[in-house]
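Reader: Could you take me through this model and tell me what stands behind each label you use? I like to see a value set against its cut-off.

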Amino acid sequence: MPQRSLALGIAQELITAECMVAKGFVYRVRTSEEWVTGGGQWEPGEVLGVQGLGAARQLGYHFDPGVSSVDAAVRALDEDTTKRFWEALMGDDTTPSVPITAPGGASTGSSITRGGCMRIADQAFDDLTIHQEGYRQQVDELGYDTSPVEMAMDDPRVTEILAAWRVCVEQTTGQTAATPDELARRYAFNEGTATAEEIAVAIADATCQVSTDLQTVWYTVLTDYERALMGDQVAVYDDLVRMRQAILDRADEILRQRGVIPPSLN
């Protein structure tokens, strides 16, 4: 879910910032508003469209990549300081590679070069953020014979919720669309910033997603079909889900230790 991913991003950024500041660099942590707009804004997809009411209020359906903490930090640095900044953040030419493991702890044959403060951030998650890529690789290699997205969209649980969302949006805006993503595409590629009409529609869309609990139903049903399509390899998929849950739980713990409450995407 986007809200849990938001907490993970904030936790990783806070750890990295603490490390970089300890090394003598200025490292700006993104504001709550930046996290809300970045985490909930519209991105191309099959169903959901805009995923947060906060982003809908600020951006409508327009996409704003924003300024990353790294970009903000290096803007005013001279060449030599920039080089030292990157070495402090990611390591240098002597930084060893970290192997990516597969389910069961076996090597995938892949590795990632990670040093500096990014390595510190990985270690705060016991390297689960690295090793999950090995699980992803194995799941991707197994693949699906059919599309779980198409199957999920035909599931009665999803069709019922989408029908409720359509009624909600039409009553509020007078517009009709099969999915939130279809509605978003009417505005997302218009030049310039979002118009007042676009923002009003996006707010109604996001509000109706919340009132119908569309996001929860969609992700639950999609997961059901992804698991079903894995067949006798479903244990690998479940291992990946458990690892992801452990990462998210660790992020929550890191934020609690720092007294940080993630902002709501809505």
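Author: A disulfide joins cysteine 168 to cysteine 208, with an S to S distance of 2.0 Å. This is a predicted model, in which local features need pLDDT of at least 70, side-chain atom pairs count only at pLDDT 80 or more, and totals for chains, interfaces and linings use all residues. Residues are numbered from 1 along each chain as its sequence is written, and side-chain values use heavy atoms, with hydrogens and water left out.

Reader: Why is the link between cysteine 168 and cysteine 208 called a disulfide?

Author: The term means a pair of cysteine sulfur atoms within 2.5 Å. The sulfurs of cysteine 168 and cysteine 208 are 2.0 Å apart, so the pair qualifies. Its torsion about the S-S bond is about -75°, which makes the disulfide left-handed.

Reader: What makes cysteine 168 and cysteine 208 a tie between separate parts of the chain?

Author: Cysteine 168 belongs to helix 9 (residues 156–173) and cysteine 208 to helix 11, so the bond ties together parts 40 residues apart in sequence. Helices here are DSSP runs (H or I, at least four residues), as are strands (E, at least two), numbered from the N terminus.

Reader: How do you know that cysteine 208 is buried?

Author: Buried means under 20% relative accessible area, exposed over 50%, and partly exposed in between (1.4 Å probe, protein chains only). Cysteine 208 has 1%, so the label is buried.

Reader: How many disulfides does the whole structure hold?

Author: The search finds 2. The other joins cysteine 19 to cysteine 117, also with S to S at 2.0 Å. Cysteine 19 is in helix 1 and cysteine 117 in helix 6 (residues 116–124), 98 residues apart. Cysteine 19, at 12%, is buried, and cysteine 117, at 0%, is buried as well. Numbered in sequence order, the bonded cysteines pair 1-2, 3-4.

Reader: Why is the aromatic pair of tryptophan 42 and phenylalanine 189 called edge-to-face?

Author: Rings of Phe, Tyr and Trp (its six-membered ring) pair if their centres lie within 6.5 Å; planes under 30 degrees apart count as stacked, over 60 as edge-to-face and the rest as tilted. Tryptophan 42 and phenylalanine 189 have 5.5 Å centre to centre and 90° between the planes, hence edge-to-face. Tryptophan 42 is buried at 3%, whereas phenylalanine 189 is exposed at 56%.

Reader: What makes you say that the charged end of arginine 30 sits over the ring of tryptophan 35?

Author: For that, NZ of Lys or CZ of Arg must be within 6 Å of the ring centre and within 35 degrees of the ring normal. The charged end of arginine 30 is 4.2 Å from the ring centre of tryptophan 35, and the contact is classed as sitting over the ring.

Reader: Which residues lie nearest the centre of the second largest pocket?

Author: Arg30 is one of them, with Glu34, Gly38, Gly39 and Pro65, among 19 lining residues. A pocket, on a 1 Å grid over the protein atoms alone, is an open set of points where a 1.4 Å probe fits, with protein on both sides within 12 Å along at least five of seven lines; lining residues have an atom within 4 Å of a point. Helix 2 gives the largest share of this lining, 5 residues.
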